[in-house]
Amino acid sequence: MVDGRRANELRKIKCKPSVLSQADGSAYIEQGNTKCLAAVYGPRETRQKAQLIHNKANINVEISLAPFSMPQERKKRSKSDRRLLEIASAVKQTFEPIIMTSLFARSQIDIYLQILQFDGGTIQICINAATLALIDAGIPMQEYVCACSAGCHENHTLLDLNNAEEMADTPELTVALLPMSGKLTLLQMDSRLHVDKLEPVMNLAALGCKEIYQTLDETVREYVKDLFQKSSPY
Amino acid sequence: MSIHFLFPKPAFSAGNNDQKDQDGDVDMFVRAQRDNFESKVVTPGQVITADTQYMRGHGTYLNEEESSHISSVAGVVERVNKLITVRPLHTRYTGNIGDLVIGRITEVTNKRWKVDINSRQDAVLLLSAINLPGGVQRRKTEADELQMRKFFAEGDLLAAEFQGSFNDGSTSLHTRNLKYGKLRNGSLIVVPPALVQRCKTHFHTLSCGVDVTLGLNGYIWVSKHSSKNLDELDPEAIYSNDNEPVDRSTRETIARVCNCINALSRHFMCITDTIIAYAYEASLKYPVKDLLKLEAMEFVTTEVRHKLSVVRSIY
């Protein structure tokens with residue numbers, strides 16, 4: 001691949017939960033050169049009465065791209081940019097069946113995602129960061145949601161595309177998977193791919209998701225162990 | 001005829017790792033460890049146990065085939081007899097009846113106030129649940145309904161007790177005790193609710209001369225010591241908005257105690273009155289402002305841990 005990885009190698013992942021003290025839950029995640037910060041507030045009182053659902057919690061996702069995130073121009077993107085709204089809606093739909101919203105009627109869960117450096121793979125890093133932040137906030141979920149992208153170039157299936165590869169007209173498929181049960185919650189593609197190639201690309205992306213799950217799970221476990229040791233009362 | 005002595009068989013065919021103490025008793029916890037999930041760290045989606053004899057509590061759910069218990073949060077498994085729960089790290093406050101909480105008024109509506117108590121929804125304080133001035137038992141009148149802002153306006157802080165919860169999950173408070181009511185002469189500090197332990201009383205007076213009110217929802221009020229006896233309180237003045245004059249040394253002490261509590265919460269240590277007292281003594285080495293720096297916080301928390309281990313080793 002362009003950055004010297006093998007075709008089925010993920011970019012290097014670094015993640016850290018609980019980076020913001022004000023938010024109920026937060027996480028910082030880096031996948032290669034893409035960096036994302038997630039903050040979760042909730043469940044808390046709904047801000048607008050119109051969004052109140054009487055038997056579940058309302059999930060609200062907002063994504064913003066920092067003006068310094070793109071390497072070329074310093075451009076301020078507004079929050080209602082069409083592409084960002086689409087990604088936010090995809091993230092919201094991914095998490096709606098997973099978070100146990102029926103436990104918190106009439107309240108609201110806010111997920112704020114901020115992309116600090118952009119190098120491709122926006123949706124996948126947003127979903128991974130949101131998962132980590134929701135776990136940090138103690139919001140009950142069925143399980144982790146891990147997302148990964150894969151593509152196909154000249155009959156080779158490639159895993160975890162960065163920006164240069166995305167821009168080179170490679171068809172890109174983003175998959176969000178529940179690692180334990182193997183169910184898919186999101187399958188998104190914006191380009192054209194031959195139907196025969198769909199299965200190998202999807203399988204490779206699913207493998208990538210499982211690997212990401214291992215990394216995220218290890219981080220969470222270490223963090224939980226550390227905190228429980230610190231907080232054990234006399 | 002030959003006589004055989006039949007020795008009694010052991011009570012249950014226990015495994016090899018049963019340790020009998022000097023009375024010949026076997027620790028029943030060994031059985032739980034064999035089941036192997038007590039105090040285990042779990043993450044969402046992980047199977048806790050495949051044994052369906054247990055009841056599931058908060059933080060767990062049954063999978064579709066109803067064959068195993070799965071955790072839904074990241075935390076530590078706690079087992080009480082047959083009930084399994086998973087306790088996560090940072091949750092919002094979930095109330096229990098009788099808890100003392102501190103809240104801030106967010107809204108004044110028809111015959112009730114909405115109070116923010118760091119929980120999943122704002123709590124409700126009904127007009128019929130407060131002490132009306134002019135005598136403890138006084139029926140509320142129409143005039144009271146129209147003048148609710150005279151009692152509590154938006155932004156006021158108050159101490160109240162958790163009364164109960166409604167069907168939709170919202171909770172109700174009451175202040176029908178002279179100890180509760182509007183808070184004055186002090187400073188609020190917010191910590192994670194899991195760090196405040198339930199104890200006999202939540203109103204403490206520290207030896208340095210300040211009052212600390214530990215709200216179980218994570219809101220802590222540190223204030224000037226009020227030496228007034230409860231019976232002497234003027235019933236008209238319980239809703240006054242005026243602070244008493246607070247001198248400089250008391251203000252410094254209040255600020256120092258607030259910074260100590262902040263240091264304890266950053267390092268995720270439990271907050272009780274004895275721990276705050278230890279932290280206060282340890283912090284006297286630094287000027288008040290420096291307590292916000294990382295090294296000072298580390299020093300204070302290591303001193304407190306040291307003192308706690310000394311106390312524990314005595315027992």
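Is A:K35 buried, partly exposed or exposed, and what is its relative accessible area? A:K35 is partly exposed, at a relative accessible area of 22%. The structure is a predicted model, and a search over all chains finds 17 salt bridges in it.

**Interface of chain A and chain B**
- Chain A contributes 35 residues to the contact, and chain B contributes 35 residues.
- About 3000 Å² is buried between the two chains, with 59% of it on carbon and sulfur atoms.
- Two salt bridges cross the interface, including one between A:E45 and B:K114, whose closest N and O atoms are 3.8 Å apart.
- Polar contacts between chain A and chain B number 11 residue pairs.
- On the side of chain A that touches chain B, strand 3 (34-45), helix 2 (122-136) and helix 4 (195-231) each give two or more residues.
- Helix 4 of chain A gives the most to that side, with 10 residues.
- By class, that side of chain A holds 18 nonpolar, six polar and 11 charged residues.

**Salt bridges within the chains**
- A:K35 pairs with A:E30, the closest N and O atoms being 3.8 Å apart; A:E30 is buried, with a relative accessible area of 13%.
- B:E78 and B:R87 meet at 2.5 Å, N to O; B:E78 is partly exposed at 30% relative accessible area, and B:R87 is partly exposed at 38%.
- B:K182 and B:D156 form a salt bridge at 3.2 Å, N to O.
- B:K182 lies in strand 13 (residues 181-182) and B:D156 in the loop between helix 3 (148-151) and strand 11 (157-165) of chain B, so the pair ties together parts 26 residues apart in sequence.
- B:K182 is buried at 11% relative accessible area, and B:D156 is buried at 14%.
- A:R11, A:D119 and A:D160 are joined into one network by salt bridges that share partners.

How values were computed:
Residues numbered from 1 in each chain as written. Chains lettered and ligands numbered in written order. Predicted model: local features only at pLDDT ≥ 70, side-chain atom pairs only at ≥ 80, totals over all residues. Heavy atoms only, no water. Contact = heavy atoms within 4.5 Å. Buried area = accessible area lost by both parts, 1.4 Å probe. Salt bridge = Lys/Arg side-chain N within 4 Å of Asp/Glu carboxyl O. Polar contact = N/O pair within 3.5 Å; in protein donor to acceptor, adjacent residues only side chain to side chain. Helix = DSSP H or I, 4+ residues; strand = E, 2+ residues; numbered from the N terminus. Nonpolar A, V, L, I, M, F, W, Y, C, P; charged D, E, K, R; others polar. Buried < 20%, exposed > 50% of the residue type's maximum accessible area, 1.4 Å probe, protein only.
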